[in-house]
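Please keep the sequence and the model in view while working through the points.

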Amino acid sequence: MQTMLGKAANTDWFGPLAVVIVAVVVIGAIEPTFLSAFNIQVLLSAIAVNLVIALAQMIIIAIGQMNLSVGAIGGLVAIAFAGMMEVWGVPAPLALVLALAIGLAGGLANGFIVAKTGISAFIITLASLSFFKGLNLGITEAQPFYGVPDAVKAFGNTNMLGPIPWLVLPAAIAGLGIWYLLAKLRIGRQILAVGGNPHAAELSGISIFQTTVWAHGLSGLLAALGGVMVVARLQIGQPSIGDDWLILSFAAPVIGGAVLAGGHVSVAGTALGVVVVAIITQSLVLFHIDPFVVQVVLGALILWAVGINRWREVRVERRLRGAS
Amino acid sequence: MSGVVLQARAIGKSFPGVRALDKVDLTLAKGSIHALLGENGAGKSTLIKLLTGVHRLEEGELLLDGKPVQFDDPHAAIAAGIGVVHQERNLIPRFSVAENIMLERLGPSVLSRVDQGALQAEAKRWLDLLELDVDPATSVMRLSAAKMQLVEIAKALSLRSRVLLMDEPTASLTPHETEHLFTLLQRLKRDGVTIVFVSHKLEEVLQICDSVTVLRDGRNACQSQPMTGMGRQDLVRLMIGRAEQIPAWEARDRTTAPVALQLDKVSTSLGHRDIDLTLHRGEILGLYGLVGAGRSELAKCLIGLFPLTGGKVTIDGQPAAIGSVAEALNRFGLGYVSEDRKQEGLVLAHSVLDNAGIAVWSKLAGFLGFLKNGQIRERVLPAIERLEVKTPSLAQQVGLLSGGNQQKVSVAKWLAAGVRILIIDEPSVGIDIKTKAYLHELIRTLADGGTSILLITSDMPEMITLADRIAVMDGYRLTGTLVNDRDYRRMSQGIMNLIHGEEQDAA
């Protein structure tokens with residue numbers, strides 16, 4: 001029993017899961033409305049959207065890079081999605097496909113430039129962040145698109161089953177899809193191999209170029225999905241969508257045990273990271289605490305998570321040194 | 001010798017400003033172990049990169065089984081049966097042994113599902129072939145360095161390598177592990193695999209290789225000669241054009257000089273126990289041991305990187321409790337030249353002045369921490385000149401200097417800071433033999449000038465050239481101390497006996 005617990009304690013999901021359980025119990029005891037159907041629905045909507053955003057960053061962390069343009073891609077896709085439907089009357093399913101294609105294209109462009117030039121993704125995506133955001137503001141002139149069809153609004157604001165919103169469906173598919181890809185598919189293993197040791201991966205004949213382009217393409221696609229989901233939830237195409245994604249997109253994977261140097265991420269951990277962030281945000285609202293405090297708490301949380309990850313690494317190193 | 005498997009003809013390669021290889025030939029016989037030797041910078045790595053598709057072949061030709069081949073990338077070379085085990089580990093630490101072995105064959109397309117069971121079964125076959133008792137599902141980061149290397153060999157073999165290039169394969173192995181590796185290589189050779197063995201350890205080359213190619217300044221000093229009848233001196237002569245010898249310097253005795261550094265029953269948090277050591281003023285005390293014996297670790301404890309857990313350190317007669325590197329330097333005049341100068345010794349992208357001056361900044365920093373380059377130059381220049389660092393100017397980027405000059409800069413740094421005790425760790429790693437000789441004279445001159453030197457090296461000739469006395473460490477303990485009488489055979493035998501302890505009669 002103790003060894004099982006010990007094993008669990010070494011996984012990525014154990015820490016955040018413990019935090020989630022304790023938080024739910026404590027907050028639920030103090031404030032019973034926290035566990036009301038309505039609140040759970042609000043919480044799950046936020047978690048669904050944020051999970052997709054976090055996955056968009058996680059896949060790039062897996063390859064050992066950063067994507068600063070996740071929010072800018074999501075924002076551009078969001079206004080493109082809403083704008084196509086309002087201005088051109090494009091039917092929602094077609095608009096969805098086109099919107100996702102825009103995100104994919106943006107991600108592929110990031111990946112192509114990073115892989116081709118060898119310049120760090122940090123710099124390339126910093127540039128593309130500005131580029132995508134500029135396009136966004138140029139198109140919208142900072143005005144939202146309001147003509148979102150009712151079906152889309154309903155998808156973002158009604159429940160599939162009990163208190164579970166429809167938004168959970170695409171998030172769950174994305175989560176399972178990325179988990180399957182990283183754990184089971186060749187491209188996923190390539191992404192983790194390149195993140196773990198790019199030199200070794202390359203000498204094993206793995207194409208860094210192909211792998212990088214794939215990872216960024218997936219990241220763009222996920223960011224686009226996030227953008228579409230936010231439009232459905234907010235019921236308008238806000239130009240500012242995506243502006244506040246950056247910190248969350250790093251916080252959740254890191255809380256979930258991701259190694260920023262690459263090669264190790266956890267979908268389950270990231271999902272729990274998203275839940276932790278959502279619970280904290282929600283409970284601060286519930287207890288009428290200034291929403292700006294959320295940022296401070298989030299910052300502290302990232303530091304704490306990075307510290308835990310580091311501590312675990314050091315422990316493994318020590319054990320290995322002791323064994324040899 | 002049955003037939004040629006791979007032949008390189010008149011291979012050339014130029015980098016901007018450097019002619020790395022010039023008309024180099026290499027002929028590899030099927031089922032043989034072929035040594036590829038040369039000093040650092042002789043062109044070995046460039047040749048390996050050309051043979052394995054890392055660099056594109058632009059001059060000369062490669063014949064595989066008599067047919068011309070062209071490798072555009074590493075994958076093409078692997079597909080043609082040319083495998084390589086690099087000096088640095090090329091494994092994905094968090095992946096399983098099986099996945100590492102099968103990394104290029106995870107599936108036919110990028111969207112294929114990876115069948116871990118099948119990977120493990122396939123990997124097991126190759127692990128068994130090497131008699132390597134490792135569960136293929138274990139993650140690689142849990143293995144020892146030696147096992148990781150065997151995993152890499154298993155990987156190369158599983159790719160049906162007919163030619164296996166091994167770059168310094170024994171660098172991180174214990175003698176026992178090395179013997180095991182050699183038995184394995186002999187077996188592979190009998191199975192028809194051709195092995196190219198790159199090593200600086202000439203004894204190993206003589207022991208195991210059938211033929212040898214030596215490169216010198218990018219050209220063949222000899223091409224695929226049989227090893228029979230060759231001796232260590234012959235190989236050294238081919239590599240540097242002169243025979244290696246212990247210089248006929250006077251033996252020195254400084255044991256009557258005042259004691260500079262004394263360790264009394266010192267234990268450390270890294271596992272050293274009961275270390276007694278005495279270093280006199282102006283003495284060169286060698287600390288010999290195999291890789292992993294705990295020598296660099298002791299040095300790092302002494303300069304305050306890791307805490308001591310017991311015993312007493314005395315410097316110049318004063319008890320010294322050193323808590324940080326800054327304290328070691330500023331209060332006790334103790335400096336450490338790291339064996340890993342690229343990672344721990346120098347900031348390669350910075351200038352010679354900045355590198356050599358880094359240790360004096362705290363002494364020279366004025367009001368509000370302002371540093372004047374002129375003042376630093378004043379302190380640094382004598383050290384740079386004394387060590388004869390060859391650099392166009394003090395503003396030169398250190399990364400652009402040769403290995404030997406880089407090493408001199410890392411010594412100059414401590415001289416400029418006025419250290420009285422210098423721990424020098426593996427001073428000649430990655431330095432060609434000519435520069436090495438200069439470096440040895442330099443260390444000797446330093447000691448003659450009164451600097452006490454604790455010299456850590458695994459290079460036996462270097463140890464016997466330089467040290468006045470030699471302390472031997474094994475398993476984080478000292479096993480004895482010898483006075484160096486500069487007789488190579490007697491000293492090396494004595495050191496070996498101290499390392500192997502009770503096994504000495506068998507040797």
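Predicted model: local features only at pLDDT ≥ 70, side-chain atom pairs only at ≥ 80, totals over all residues.

1. **Extent of the interface.** The two chains meet through 28 residues of chain A, which are in contact with 30 residues of chain B. About 2,300 Å² of area is buried between chain A and chain B, and carbon and sulfur atoms give 59% of that area. On the side of chain A, Arg186(A), Arg189(A) and Leu203(A) lose the most area to chain B. Together these three residues account for 28% of what that side buries.

2. How many salt bridges are counted between chain A and chain B? The count is 1. Arg189(A) forms a salt bridge with Glu99(B), and the closest N and O atoms are 2.3 Å apart.

3. **Elements on the side of chain A.** Which elements of chain A give two or more residues to the side that touches chain B? They are α8 (168-184), α9 (186-196), α10 (198-203), α11 (208-234) and α14 (292-323) of chain A. The largest share, 7 residues, comes from α9(A). By class, this side of chain A has 13 nonpolar, 9 polar and 6 charged residues.

4. **The cavity.** The structure holds 1 cavity of 30 Å³ or more, and the largest cavity has a volume of about 210 Å³. It is lined by 17 residues, of which Leu203(A), Ile78(B), Val84(B), His86(B) and Lys155(B) are the closest to its centre. Two or more lining residues come from each of α10 of chain A and α2 (74-79), β6 (82-85) and α5 (145-158) of chain B. The lining of the largest cavity divides into 9 nonpolar, 5 polar and 3 charged residues.

5. **The second largest pocket.** This pocket has a volume of about 750 Å³. Among its 26 lining residues, Asn50(A), Arg233(A), Asp244(A), Trp245(A) and Thr281(A) are the closest to its centre. At least two lining residues are supplied by each of α3 (37-62), α11, α12 (246-255), α13 (267-286) and α14 of chain A. The largest share of the lining, 6 residues, comes from α3(A). By class, the lining of the second largest pocket has 17 nonpolar, 7 polar and 2 charged residues.

6. **Salt bridges in the whole model.** Side chains of opposite charge can pair when their charged atoms come close. Over all chains, the count comes to 23 salt bridges. One of them joins Asp243(A) to Lys133(A), with the closest N and O atoms 2.8 Å apart. Asp243(A) lies in the loop between α11 and α12 of chain A, whereas Lys133(A) lies in helix α6 (residues 121-140) of chain A, so the pair ties together parts that are 110 residues apart in sequence.

Note on methods. Residues numbered from 1 in each chain as written. Chains lettered and ligands numbered in written order. Heavy atoms only, no water. Contact = heavy atoms within 4.5 Å. Buried area = accessible area lost by both parts, 1.4 Å probe. Salt bridge = Lys/Arg side-chain N within 4 Å of Asp/Glu carboxyl O. Helix = DSSP H or I, 4+ residues; strand = E, 2+ residues; numbered from the N terminus. Nonpolar A, V, L, I, M, F, W, Y, C, P; charged D, E, K, R; others polar. 1 Å grid on protein atoms, 1.4 Å probe; cavity = no way out; pocket = protein on both sides within 12 Å on 5 of 7 lines; lining within 4 Å. Points joined across faces, edges and corners; volume = space filled by probe spheres on them.
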